[in-house]
Amino acid sequence: MDQLMQKLSFEMCPNSSLHLFAIFAFATCGGYSGQLRVSVDCMEKASSNLSIGIDFAYPFRLHQVSFEAPVCEGIRRERVFLIGDYSSSAEFFVTIAVFAFLYSLMATIVYIFFQNKYRENNRGPLIDFIVTVVFSFLWLVSSSAWAKALSDVKVATDPDEVQLLISACKVQTNKCDSLHGPRWSGLNTSVVFGFLNFVLWAGNIWFVFKETGWHKGASRLAGGASEKQSGTFTQQSYNQGSFDQSGSYNTQGNLGQLSEYSQVGGPTSYSNQM
Ligand SMILES: *[C@@H]1O[C@H](CO)[C@@H](O)[C@H](O)[C@H]1NC(C)=O
């Protein structure tokens, strides 16, 4: 019984471990929130703010993230916005991860509980193969896009860069400082998991391909390469020829039959001429 379960979950099921890694990818990215902190120390100390916290989160629409900074003229303050919108890459990445998770979960269930349906007409393996290829590609694209977006987010939320947006910091007499930047470990992990998922899904292509049975067909064809070219066709036409007609008509039957395969469109007229 154990052995059966082991066989089911590890050897026979091509998708079994994939959803776990997809979860890590979208949880680490989609659940992220970060904070940076800067200080603006005005010449007239009363208008200073020595601890300005700026919060941002997934999906990284930084142009909508704002904070109040002193202008260093009395108590006047200005609203400052961060720069950039990285939501498309972030949301694309999370969407792919969620759908990959759902698909691998569904495929595992179908594979384990509906083996017969899965193998019916070879349709299950065929769909599985195509979807796995598509998801591998999407993992690569979305992980690359997200990795690029993340490196841009890191620049846009660097406290040293954010200081440049504050007008008071452009005045020499005021002193601006970076207190701390956001933590990146979670988002770095999400990128690693994205590429790890690409590798896993791409590797899984082979196992799903084996399920389609195409490699068996290919090796069988390669084995009988000498007869392969017209073997099946002539055999068919021989059989038909000898059943339908007899004697000298055999060769004609062959020709007509062959032309039917090579010339699409005019097989009837050709055999009629003969
Ligand atoms: C400094 O800025 C923060 C926002 O980051 C605000 O909550 C706080 O009230 C400000 N402090 C002063 C003294 O203006």
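A residue is called buried when its relative accessible area is under 20%, exposed when that area is over 50%, and partly exposed in between. Keep these cut-offs at hand for the tour, which goes through a predicted model.

**Stop 1: Arg61**

Select Arg61, which sits in the loop between E2 and E3. Its relative accessibility is 31%, so Arg61 counts as partly exposed. Arg61 and Asp85 are 24 residues apart along the chain, yet their C-alpha atoms are separated by 4.5 Å. Leaving out residues up to four places away in sequence, Arg61 touches Gly84, Asp85, Ser87 and Glu91.

**Stop 2: the rest of that loop**

Stay in the loop between E2 and E3 and select Pro59, which is also found there. The peptide bond that joins Tyr58 and Pro59 is cis, with omega at about 10 degrees.

Next select Phe60, in the loop between E2 and E3.

Asn121 lies in the loop between H4 and H5. Is Asn121 buried or exposed? Its relative accessible area is 66%, so Asn121 is exposed.

**Stop 3: the whole chain**

Zoom out and colour by secondary structure. The protein chain has twelve helices and five strands. Of its 274 residues, 34% count as buried. Among contacts with a separation of 6 or more, residues 24 or more positions apart account for 69%. The accessible surface of the chain comes to about 16,100 Å², and 60% of it belongs to carbon and sulfur atoms.

**Stop 4: the largest nonpolar core**

Select Ile54, Phe56, Phe60, Phe67, Trp139 and Trp146. Of the 46 residues in the largest nonpolar core, these touch the most other members. Which elements each supply at least two residues of this core? They are H2, strand E1 (33–41), strand E2 (49–57), strand E3 (66–70), H3, H5 and H7. H3 gives the most, with nine residues.

Keep Trp146 selected and show what surrounds this residue. Neighbours within four places in sequence aside, Trp146 is in contact with Cys29, Phe60, Ser89, Ala90, Phe93, Leu187, Ser190 and Val191. Phe60, from the second stop, is one of these contacts.

**Stop 5: helix H2**

Select residues 18–30, which form helix H2. This helix has 13 residues and reaches 18 Å from its first C-alpha to its last, close to the 18 Å expected at 1.5 Å a residue. Which residues of H2 are buried? They are Leu18, His19, Ala22, Ala25 and Cys29. These residues cover an arc of only 115 degrees around the axis, so they lie on the same side of H2. An α-helix has 3.6 residues a turn, so residues three or four places apart point the same way. Now show what covers the buried residues of H2: the cover includes helix H3 (87–113), helix H5 (123–156) and helix H7 (185–212).

**Stop 6: salt bridges**

The whole structure holds nine salt bridges. Arg79 is in strand E4 (residues 77–81) and Glu68 in strand E3, so the pair, eleven residues apart, links distant parts of the chain. Arg79 is at 48% relative accessibility and therefore counts as partly exposed. Glu68, at 33%, is also partly exposed.

Select Glu211 and Arg119 next. Their salt bridge has its closest N and O atoms 2.8 Å apart. Glu211 belongs to helix H7 and Arg119 to helix H4 (residues 115–119), and the two are 92 residues apart. Arg119 counts as partly exposed, at 37% relative accessibility.

Then select Asp152 and Lys148, whose side chains meet in a salt bridge of 2.8 Å, N to O. Both lie in helix H5, four residues apart, about one turn of the helix. Asp152 is at 24% relative accessibility and counts as partly exposed.

**Last stop: Trp206**

Select Trp206, in helix H7. Its relative accessibility is 45%, so Trp206 counts as partly exposed.

How values were computed:
Residues numbered from 1 in each chain as written. Predicted model: local features only at pLDDT ≥ 70, side-chain atom pairs only at ≥ 80, totals over all residues. Heavy atoms only, no water. Expected span 1.5 Å × (residues − 1). Buried < 20%, exposed > 50% of the residue type's maximum accessible area, 1.4 Å probe, protein only. Arc of directions from axis to C-beta. Contact = heavy atoms within 4.5 Å. Core = buried A, V, L, I, M, F, W, Y, C linked by side-chain atoms within 4.5 Å. Salt bridge = Lys/Arg side-chain N within 4 Å of Asp/Glu carboxyl O. Areas by Shrake-Rupley, 256 points an atom, 1.4 Å probe, with all protein chains shown as cover.
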